[in-house]
Amino acid sequence: MEEDKKIIPRHVSIIMDGNGRWACERGKERVFGHAAGVESVRACTEAAVEEGVKYLSLFAFSEENWGRPEDEVHTLMELMVKAMKEELPTLMKNDVRFVVLGNRGRLSDSLNAMIDDCMQTTASNGRLTLVVFLSYSGKWDILQAAKGLLEELAGHPERKEELLGMDIMEFGKRLVTADIPDPDLIIRTSGECRLSNYMLWQAAYSEFIFTDVLWPDFRKPEFRAALAEYAKRDRRYGKVK
Ligand code: IPE
Ligand code: IPE
Ligand code: MG
């Protein structure tokens, strides 16, 4: 039946926000909220697999987040390592491919080694691609693509006309998300209604859901509710239906 057919977004992306406030509300240190947030990552990954979402991406750490107190940054990085170690068997069991995107040159060697290991081990999994954006910002992404182009032109001046003829699709292939479709749905938790420099290019035609729920409280029911709201949206892409 047509009305029973669920419209599942191919790519759901989440700006996971509100960990600090969640912890403060409980009289705890901010890092306590980050640890609780890992549970939400697990729950939403499972829900995405169950619902047939093909790409789930998570904004875990922005380029701007490097400006936080050193001990918070350190704890966040340690949590990533711990979560990757602990979750690898579950990723394999659920057939999930794990990908990290961002300015990886700013990450420690040990974290990068762990990421490479996790990415290689899960590379041929096909049920869901889980993308974690680490040390990422949208402006950085566009800038690194532009710099890549400049370098190519400097090395191959004869390709000037070809490069000048580049279209939007081709430029998109120079972003770190080259192999990932643009997000259909972007969810931001914690009541903030901004992009905070996330996927500026790729979000051009995304649907947005802003919810007051803090990230550590965003679990399977909240994820499913967001999918239900998305299913009601009418995406027109500037055209007339
Ligand atoms: C999101 O929660 C996690 C990161 C940005 C790393 P916050 O740490 O931003 O929590 P709030 O917004 O201060 O509550
Ligand atoms: C955005 O959250 C970045 C991540 C969720 C990783 P922030 O808490 O850092 O963003 P602002 O400060 O509210 O814009
Ligand atoms: Mg925040």
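**Entry 1: starting point.** I am working with a predicted model, so I read every value here as computed from it.

**Entry 2: aromatic pairs.** How many aromatic pairs does the whole structure hold? My search returned 12. I then looked at F133 and Y136: their ring centres lie 4.6 Å apart and their planes meet at 65 degrees. Planes over 60 degrees apart count as edge-to-face, so that is the label for F133 and Y136.

**Entry 3: buried or exposed?** I checked both partners of that pair. F133 has a relative accessible area of 1%, so I noted F133 as buried. Y136 comes out at 0%, and Y136 is buried as well.

**Entry 4: another pair.** Next I turned to W215 and F218, which form a stacked pair. Their centres are 5.6 Å apart, with 20 degrees between the planes. I looked up accessibility here too: W215 is buried at 1% relative accessible area, and F218 is buried at 3%.

**Entry 5: charges over rings.** Last, I looked for charged ends sitting over aromatic rings. R26 places its charged end over the ring of W22, 3.9 Å from the ring centre. K28 does likewise with F32: its charged end sits over that ring, at 4.2 Å from the centre.

Terms used:
Residues numbered from 1 in each chain as written. Chains lettered and ligands numbered in written order. Predicted model: local features only at pLDDT ≥ 70, side-chain atom pairs only at ≥ 80, totals over all residues. Heavy atoms only, no water. Phe/Tyr/Trp six-rings, centres within 6.5 Å; stacked < 30°, edge-to-face > 60°. Buried < 20%, exposed > 50% of the residue type's maximum accessible area, 1.4 Å probe, protein only. Lys NZ or Arg CZ within 6 Å of the ring centre and 35° of its normal.
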